[in-house]
Amino acid sequence: MTTYRFTINGRLPGLNEIIRACRQNKYLAAKQKADTEKIIMLAANRLKNKKFEKVKIHICWHEPNKRRDKDNIRAGIKFILDALTAIQVIQNDNWRVIEDLEDSFCVDSKNPKVIVDITDLSTNLL
């Protein structure tokens, strides 16, 4: 199994920010999604020639503080999976392709970021 890593600098919108944008204006919510996915696509750019059939994804959320709840932070997974699908690193974000999702959380006040590890499970399929 091979694991590939990319890092998204900064933090992604949490569930509260997503809900707020949706309630304000559908165009604002669409812009938030598009802008966030563009940032993720740029971070994952070196993977764009990879095509994974089955993966396990681990995401380490480095937050600047403990103000946001973990479930709020984790909502950013939607943007990550949609971005990986858009650049065709994964064909889909369904159960057939995503074997498992794991999260870990820590505080890094000086360098908030999101580290995404994608483990290719395709080679283990027989």
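Biologist: At what angle do H1 and H2 pack, and how far apart are their axes?
Modeller: This is a predicted model. In it, helix H1, residues 15–24, packs against helix H2, residues 26–43, at an angle of about 140 degrees. Their axes are 5 Å apart.

Biologist: Is the crossing of H1 and H2 left-handed or right-handed?
Modeller: H1 and H2 cross in a left-handed sense.

Biologist: Which residues make the contact?
Modeller: From H1, the contact uses Glu17, Ile18, Ala21, Cys22 and Gln24. H2 contributes Lys26, Leu28, Ala29 and Gln32.

Biologist: How many of those are nonpolar, polar and charged?
Modeller: The contact of H1 with H2 has 5 nonpolar, 2 polar and 2 charged residues.

Biologist: Now H2 and H4. What is the angle there?
Modeller: H2 and helix H4, residues 77–86, cross at roughly 65 degrees, and their axes come within 9 Å. H2 is therefore roughly perpendicular to H4.

Biologist: And is that one left-handed or right-handed?
Modeller: The crossing of H2 with H4 is right-handed.

Biologist: Which side chains are we talking about for H2 and H4, or rather, which residues make the contact?
Modeller: On H2 they are Gln32, Lys33, Thr36, Glu37, Ile40 and Met41. On H4 they are Phe79, Ile80, Asp82, Ala83 and Ala86. By type, the contact of H2 with H4 divides into 6 nonpolar, 2 polar and 3 charged residues.

Biologist: Changing topic: how many disulfides does the structure hold?
Modeller: It holds 0 disulfides.

Biologist: Is cysteine 60 buried or exposed?
Modeller: Cysteine 60 counts as buried, because its relative accessibility is 15% and the limit for buried is under 20%.

Biologist: What about cysteine 22?
Modeller: Cysteine 22 has a relative accessible area of 48%, so it is partly exposed. Cys22 is also one of the H1 residues in the contact with H2.

Biologist: Next, glutamine 88. What is its phi?
Modeller: Glutamine 88 is not a glycine, yet its phi is positive, at about 60 degrees. Most residues other than glycine have a negative phi.

Biologist: Where is glutamine 88 found?
Modeller: Glutamine 88 sits in the loop between H4 and strand S3, which spans 98–107. Its relative accessibility is 51%, so glutamine 88 counts as exposed.

Biologist: Which residues does glutamine 88 touch?
Modeller: Leaving out residues up to four places away in sequence, glutamine 88 touches Lys50 and Lys51. Tryptophan 61 is 27 residues from glutamine 88 along the chain, and their C-alpha atoms are separated by 23 Å.

Biologist: Last one, aspartate 103. Where does it lie?
Modeller: Aspartate 103 is in strand S3. It is partly exposed, with a relative accessible area of 24%.

Biologist: And what does aspartate 103 touch?
Modeller: Beyond residues up to four places away in sequence, aspartate 103 touches His58, Ile59, Trp61 and Arg74. The C-alpha atoms of aspartate 103 and isoleucine 59 are separated by 4.9 Å, although the two residues are 44 residues apart along the chain.

Technical notes:
Residues numbered from 1 in each chain as written. Predicted model: local features only at pLDDT ≥ 70, side-chain atom pairs only at ≥ 80, totals over all residues. Heavy atoms only, no water. Axes fitted to C-alpha atoms, helices over the stretch in contact; angles between N-to-C directions. Helix = DSSP H or I, 4+ residues; strand = E, 2+ residues; numbered from the N terminus. Left-handed = near helix turned anticlockwise from the far one by under 90°. Contact = heavy atoms within 4.5 Å. Nonpolar A, V, L, I, M, F, W, Y, C, P; charged D, E, K, R; others polar. Parallel < 35°, antiparallel > 145°, perpendicular 65-115°, else oblique. Disulfide = S-S within 2.5 Å. Buried < 20%, exposed > 50% of the residue type's maximum accessible area, 1.4 Å probe, protein only.
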